[in-house]
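Me: Please take me through this model and say on what grounds each term is used.

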Protein chains: 2
Amino acid sequence: MGWDAHIETFSVLYPTPISTVLELVAPSRIALGGQEPAVPGDPSTADLSGALPPYVAYQGDGDVTAAVVYVDYGMPEDYDALAARGIDVRGKIVLARYGGGWRGLKPKLAQEHGAVGCLIYSDPADDGYADRDPYPRGGGRPAAGVQRGSVQDMITYPGDPLTPGVGATADAKRLTRAQATTILKIPALPISYADAQKIMAGLEGPVVHGRARGALPFAYHWGGTDAVRVHLAVKSDWSMKPIYDVIATMRGKTLPDEWIVRGNHHDGWVFGAADPLTGQVALMSEAKALGELARTGWRPDRTIIYASWDGEEPGLLGSTEWVETHADELARHAVLYVNTDENGRGFLGAEGSHDLQHFVNAAARDVTDPQTGMSVLDRLRAETRAGAYVGAGGRAPEVAVLEAARAGDDMPVGALGSGSDYSAFLQHLGIASLNLGFGGEGAGAGSYHSAYDTFTHVTRFDDPGLVYGAALSKLVGRIVLRAADGERVPARYGDFAVTVSRYVAEVKKLAVDQRDKDRQLGDLRRDGVFKLASLAEDPTVAPEDKGVTPLLDTLALEDAADRLTRSARAADAALERAATLPPATRAAVEADLRSIDQLLLDPAGLPGRPWYRNLIYAPGTLTGYGAKTLPGIREGIEQRRFADAATYVARTAAVLNAYAARLDAAVALTKATAP
Amino acid sequence: MGWDAHIETFSVLYPTPISTVLELVAPSRIALGGQEPAVPGDPSTADLSGALPPYVAYQGDGDVTAAVVYVDYGMPEDYDALAARGIDVRGKIVLARYGGGWRGLKPKLAQEHGAVGCLIYSDPADDGYADRDPYPRGGGRPAAGVQRGSVQDMITYPGDPLTPGVGATADAKRLTRAQATTILKIPALPISYADAQKIMAGLEGPVVHGRARGALPFAYHWGGTDAVRVHLAVKSDWSMKPIYDVIATMRGKTLPDEWIVRGNHHDGWVFGAADPLTGQVALMSEAKALGELARTGWRPDRTIIYASWDGEEPGLLGSTEWVETHADELARHAVLYVNTDENGRGFLGAEGSHDLQHFVNAAARDVTDPQTGMSVLDRLRAETRAGAYVGAGGRAPEVAVLEAARAGDDMPVGALGSGSDYSAFLQHLGIASLNLGFGGEGAGAGSYHSAYDTFTHVTRFDDPGLVYGAALSKLVGRIVLRAADGERVPARYGDFAVTVSRYVAEVKKLAVDQRDKDRQLGDLRRDGVFKLASLAEDPTVAPEDKGVTPLLDTLALEDAADRLTRSARAADAALERAATLPPATRAAVEADLRSIDQLLLDPAGLPGRPWYRNLIYAPGTLTGYGAKTLPGIREGIEQRRFADAATYVARTAAVLNAYAARLDAAVALTKATAP
């Protein structure tokens, strides 16, 4: 295709199943589990004998038989609900439903609470018949569909468990498997709701009320008694395996040392037609188009690198090992990383470094939505406004987002958490990153990580006509070309400053609200309110008293956010006039700003997870996919590590001040040489 | 029992089923409907051959075969959702689920939208397995359970359809059946979800998203195509039938012309163990206790009348006809009406005239909650505070309620809508009324109006040990005794004034919010936002533009509320010192205030429903059970009858001014004779 392409190989610890056993032991013996069945009308599913059976990678092998406790999504607040009812998971197998947070947190929290095994099933409330017809009538998950996935403890560090922080090259120094903290200790298995239903039918204990229940047609019970016992055994092949990244380079003609990196993974759990191929095909189309351009003699100013990652599914292996291997070069050269992954019909979703917000909006303005013929940016604004008008139903947008949509301003981009290959770029190296895709019409979600993620499913439900795949390649193609050929790094620092100020306000409010809630709890406990309000059929005790959140001194942070705001305003204004500067000055300014996002790193990283060094963006330790912004502070408050919160107020202020100082330096350069 | 009791008989138009037919015609022919089956372990249900089959009284007989449209709760906003999808119910049979508003509104709105028939089913989301185990494992509605009931258009007027406003005595002047506007025009039938499921399984059209779906285990579709056709035929016996009210009187010794009326109905749909007997048994216990007291020679100061109403279920027949028959006497003598109905385990629920708020709280303080041993008032406060702390999940209380619970102040009582026998007293005659009961632990709701509302169900789930029945008789007994024997009418007018001021603020906010929403809609329509946000799989068009809510002049109302606040404060202060007044003055003040609540009537009544004359409290024309306060104004705004809203600002101000003037007169009397 006109690229300089090669394959880069890493050797990683990548478990695959030798055997999985799941059976109901009481109230009666029923064999459960096993491969998903064929679906009529979908030829891809006709023979699944060679496909990976339902399995979650990096669970801890084991063979256990125990009583079952339903734990809803298996998130921390769900264990609080169990504790209020005196239900303990120690020595039990938990049954969690998918959703509410990252898959890997479910067995991790289960083992922390003393469970001996973990089953994860797909409740029809979450991606099944509650919102769409099951496949093949619609795109929803059918009764026998199972979501595979990774349960690696990726919020500690992603990538090969044996080589944290360094590339898994042939000669890398490796931990032993026992030393690798990202491998779980209890057996876990994903199952269908057809199987879950058989387990849940016999559960005893209080009825599960409200949002903690799913959409199966019976009253849910928390369980925990010996009425229902399950035998779960998983045995894996823990051998080292090779993974293959495809790296294609097109050298820049004027600024070859500035790199624009663009990636999508190529590995999938079974067929992977939606995940990753809907994104991968867009990447290939862009590469092909750039190759055609190159054949005409065109060359980009900057160097463009297209990467097709392997091993994303088990734990962002390909991207992480590549980034760790090339960390020094990337820190010197990489200007931008643009990621995509699964893509489908609907509305633009953009997340990333906020100094790129305006750049993304400008590209989105120029891409036509295939359904409406308007720009994808205008369709996103319309969706936001209609959602706010219709109200409730989970569609109510944030105030800042709605205001932007109404005013026709740039739409705010979201913060990056984790779950795809941008993680090592943004959160380990601090390279400005974007993650782009379309979605939200929702018909397709039910095939995710199952054997039903096929060409037939994608073309019938996820992206009929593959038109949103084409829209994605047009959007990302523009972004890559404009970044590679632009006069300067396409940043607008004021957008970052505004966003940081919002985050600062959020963490302040979080501390105040949590303190208020703590004091309320104290009052309610003192007055014996929970005992009085407890229900005869579902008796609950008062929530544990965790003390009162102290007043947190955030002045240093507020001061840094103020300084950033002023510095960013000055820098944006100066850079507007950059075209008038002498070329040498412009180059010097560029050199100063190219790596500015890397200043958001702290070499010590986040508490308990030094691999994550970005003090503005991280995946939440208790959300996984979901971002926590100003994570050292925010999670310090939420998790009641108040000393950490105070420490990270200072550290976060320091990185923001460094960022502002770099802006000030650039402005000073422009003044010094102004004509 | 020591009472002067008699039976009072009325002759009313009371339809009963001759035949009901329900069958699925397409996609295949399946017979549906019929009597509910026996439930193992509940002897009452063993032979239901003589029981009323599933039926809704005052539907319009007919025989129709048509396609089916699912209409969610069948409330106005549900028809908006259908309209946005271009789905029309004209010529079709609607399938509505119970809940979201009064049963009778479902066929009424269906016929207004052109439907030819109406089926109403009990979705397990609302009183079935979504929140409790189905009977007999738990108290939830089982698959074959059916809710009977009335669909009389009781929001126009309740009682016998042939004698609006007058008692249905033997010689009353009657309308013809054709003239009676409260009888519906299309056939309707209540069904089980076992039956509904068979109809819904074949429905086509877009998938129903979000809260509009229930808890059945498949994707809901709106339907409307000929894929599903149903045959519905209902034939009733429309003969006149007698109803029997039991009226027991205990004449007062010092103030025999002041009447305290206490009632509960005795009719039920099948066994009626919970509805009405949980309330009826409490009433009988009180009557028995008062009779025992009377045998000791005691007599109340005021006259006490205990009433056991017939025909509440079909349309508040017994109470309405009695009140209409005795309207003049009641207007002269009745001081208070105290109602109960179904009662169960849980928390105190009190609704009524707000000048009685403190009186109710004082009684609730003195009654012990059987589960916790604290007062029922303290348990209510605890439930409110715990609900607010736990948050969301529908338990979040109103601000004023939460503040009262926290401060240990009187808990606000709710406003009375309709659905039980207080309606004629409060809303037609303006007699101060209360409706009291316990509930909210929720285990029992699934037997409502079905053949499973039995002694076994009540004692296992609704009120095990019947202890809340005893608590209810203790509460109401205290209220009746204190009202009958107290020095004065137990009112505190400031509570009413505070409540009215809150309602005034609400209607002002309603008008402003609606105006804002109208303008938003105009903007969104102008910008074509709905077309852009429409989903390929569920295309919707913009909501209809209904114009912009005008600015509403509420100054007269605000002025009246202000005056009421000042007059009430003065009156409460003066009455605190009433004990020091000469007896003749006290009697004159009493005479002035005894009927003060009747000043809230306007002889013209509410727009379109002159029977409802109370300008402060009414059942909502589009909610049925639920109260609308300041109904002339509030519904004028909501239903965009802005001229009515303006008219009722003036009329409502006038009744509030009359109420304030009466207070002023009482205060003047106390000053004139102050020692």
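**Contacts and sheet**

Reply: In chain A, 41 residues are in contact with 41 residues of chain B. The model is predicted: local features need pLDDT of at least 70, side-chain atom pairs count only at pLDDT 80 or more, and totals for chains, interfaces and linings use all residues. Residues are numbered from 1 along each chain as its sequence is written, while chains are lettered from A and ligands numbered from 1 in the order in which they are written.

Me: What makes two residues count as "in contact"?

Reply: Their C-beta atoms, placed from the backbone, lie within 7 Å. On the side of chain A that touches chain B, helix 10 (376-390), helix 15 (493-526) and helix 16 (529-533) of chain A each give two or more residues. Helix 10 of chain A gives the most, seven residues. Helices are DSSP runs of H or I with at least four residues, strands are runs of E with at least two, and both are numbered from the N terminus.

Me: Why are strand 3 and strand 9 of chain A called edge strands?

Reply: Two strands pair if DSSP finds at least two bridges between them. Strand 3 (30-32) and strand 9 (188-191) of chain A each pair on one side only. They end the open sheet of seven strands, whose order in chain A is 3-2-10-5-6-7-9 with mixed pairing.

Me: How do you know that strand 6 and strand 7 of chain A pair?

Reply: Strand 6 (residues 93-97) and strand 7 (residues 117-121) of chain A share five bridges, in the parallel sense; the definition asks for at least two, so they pair. Within this pair, Ala96(A) stands opposite Ile120(A).
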